[in-house]
Amino acid sequence: MMPSVTIELPSVLAPVVNGERSFTVNAETLPGALAALFEIQPGLKVHLFDETESFREHVLCFHNQTNTRWMDSMDVPLQDGDTITILQAVSGG
Amino acid sequence: MTVTAMLGTAKGGFIVRSNTDRSAWTIDEPLFKGWKVTTSARDDKGRYFVATASDVYGPALHVSDDLKQWKQIEKGPSWPKRRDRKLNQIWTLHLRSGRYYAGVDEAGLFMSDDGGETWSPVDALNEHATRSAWAPGAGGLCAHALLVDPSNPDRVWCGISAVGVFRTEDGGRTWHPKNQGIPQVLEDKDHKDVGYCVHGLIADPEDANTIYRREHNGMFRSRDGGDHWERIENGLPNWFGFPIAMDRRTRTIFVHPMESDEYRMPADGKFRVYRSRDGGDSWEPLTNGLPQQHAYMGVLRGALDCDQLDPCGVYIGTTAGTVYISTDAGDSWTQLPCTLPRVLSVTVFNDA
């Protein structure tokens with residue numbers, strides 16, 4: 001059985017996903033979890049990823065408490081109950 | 001019968017409604033709250049399309065049958081990965097004549113032949129031989145103006161800033177710059193037929209060859225489908241401005257001049273719309289009900305529209321978030337009782 005993880009989204013993306021703020025998916029890795037999210041919410045992909053299939057410049061992704069930008073690889077194994085959080089970067093003031 | 005307008009702002013879309021006497025308006029809570037609503041349109045089937053954009057989350061296109069339930073179009077305009085080009089926003093939609101078009105930033109044109117479900121790039125324009133000389137204006141490198149000949153859908157005009165106007169006569173297979181008579185703003189070493197800063201286009205509803213062109217350097221008209229352009233500025237106080245709209249029933253044209261490209265605000269703090277009732281031969285200022293002192297807000301290129309009723313309603317939104325409406329073809333104006341975010345686009349649907 002693949003780990004069950006929660007993906008949390010910022011409120012401004014709610015119109016894209018019928019007002020939902022979090023989704024539960026089953027996946028072994030972070031990319032797998034995002035792929036599973038895009039499978040059930042295909043409209044999200046264009047808002048999180050740019051034309052190079054990387055996270056948009058001002059979109060942050062945390063695996064539990066770790067910013068994925070500081071990871072050597074996104075290909076980390078997930079554990080049951082993990083949380084993936086999408087955030088808008090605090091850019092400017 | 002009601003009049004419905006979509007006021008697209010930097011932080012959402014606001015739907016305003018009235019009956020056709022247009023004396024009292026209701027204003028809905030924001031749609032797509034937090035998102036730019038960059039343009040909207042309705043197709044021949046009565047469906048509404050709204051383009052949204054976010055500096056963080058990018059652009060998208062949405063469709064609705066009733067202005068309440070919206071669905072994001074999954075296969076909307078998007079640049080192929082290999083082209084190293086970003087889609088920043090959808091600037092304009094043309095949803096008539098079977099083939100739908102969307103003009104975007106970074107500049108390019110997309111089309112849909114299945115009612116807007118899937119979109120593909122118009123390569124003959126997007127990869128035009130002059131592309132290497134295309135340079136952005138202050139608002140970006142954007143394809144923001146589209147005209148389609150209602151009697152011949154193979155004839156299409158596309159305005160790109162700061163590149164110029166292109167015309168196709170063969171349904172988009174070939175495109176030719178149409179800027180003769182327009183002052184150039186950016187001269188390229190090799191491609192001398194681009195480098196023009198078109199701000200807006202409208203066409204006579206029954207004569208597609210008569211086109212009115214709001215340009216960085218003035219107001220122009222063509223009688224031959226864009227082959228040649230002439231200045232039509234008699235009565236205009238300044239040559240600079242962005243929006244242009246037409247009451248198609250009477251062919252009355254409305255523009256909003258600003259002091260200059262340096263200042264981009266109304267001259268002397270007087271907010272004025274100008275009207276032409278003679279095909280651009282002359283222009284008169286409209287001031288009754290518009291702020292005539294200390295008014296320094298701008299009007300962006302998409303923020304002026306007409307409702308095509310009799311008498312004509314005119315709607316203009318400002319960068320200060322104020323919206324002014326005239327129900328007598330511009331003779332008098334009232335302000336909508338709201339202060340919105342910066343208004344990006346105004347689209348009126350008069351039989352919703």
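This is a predicted model: local features need pLDDT of at least 70, side-chain atom pairs count only at pLDDT 80 or more; totals for chains, interfaces and linings use all residues.
1. Among contacts in chain B with a separation of 6 or more, 49% join residues 24 or more positions apart.

2. What is chain B built from? Its secondary structure comprises 28 strands and 1 helix.

3. On overall dimensions, the C-alpha atoms of chain B occupy a box of roughly 50 × 45 × 40 Å along the principal axes. The radius of gyration of chain B is 19 Å, which agrees with a compact globule, because a globule with 352 residues would have a value near 20 Å. As for burial, 49% of the 352 residues of chain B count as buried.

4. Now to chain A and its helix α1, which spans residues 30-40. The buried residues here are Leu30(A), Ala33(A), Leu34(A) and Leu37(A). Seen down the axis of α1(A), the buried residues fall within an arc of 95°, so they line one face of the helix. The spacing is worth a glance too: an α-helix has 3.6 residues a turn, so residues three or four places apart point the same way.

5. Finally, the place where the chains meet: 15 residues of chain A are in contact with 13 residues of chain B. On the chain A side that touches chain B, 7 residues are nonpolar, 5 are polar and 3 are charged. If you plan to describe this elsewhere, note that the size of an interface is often given as the accessible area lost when the parts come together.

Terms used:
Residues are numbered from 1 along each chain as its sequence is written. Chains are lettered from A and ligands numbered from 1 in the order in which they are written. Two residues are in contact if their C-beta atoms, placed from the backbone, lie within 7 Å. Ala, Val, Leu, Ile, Met, Phe, Trp, Tyr, Cys and Pro count as nonpolar, Asp, Glu, Lys and Arg as charged, and the others, Gly among them, as polar. Helices (H or I, at least four residues) and strands (E, at least two) are DSSP runs, numbered from the N terminus. The radius of gyration is taken over C-alpha atoms; the globule rule is 2.2 Å times the number of residues to the power 0.38. A residue is buried if 20 or more other C-beta atoms lie within 10 Å of its own, exposed if 12 or fewer, and partly exposed in between; C-beta atoms are placed from the backbone. The arc is that of the directions from the helix axis to the C-beta atoms.
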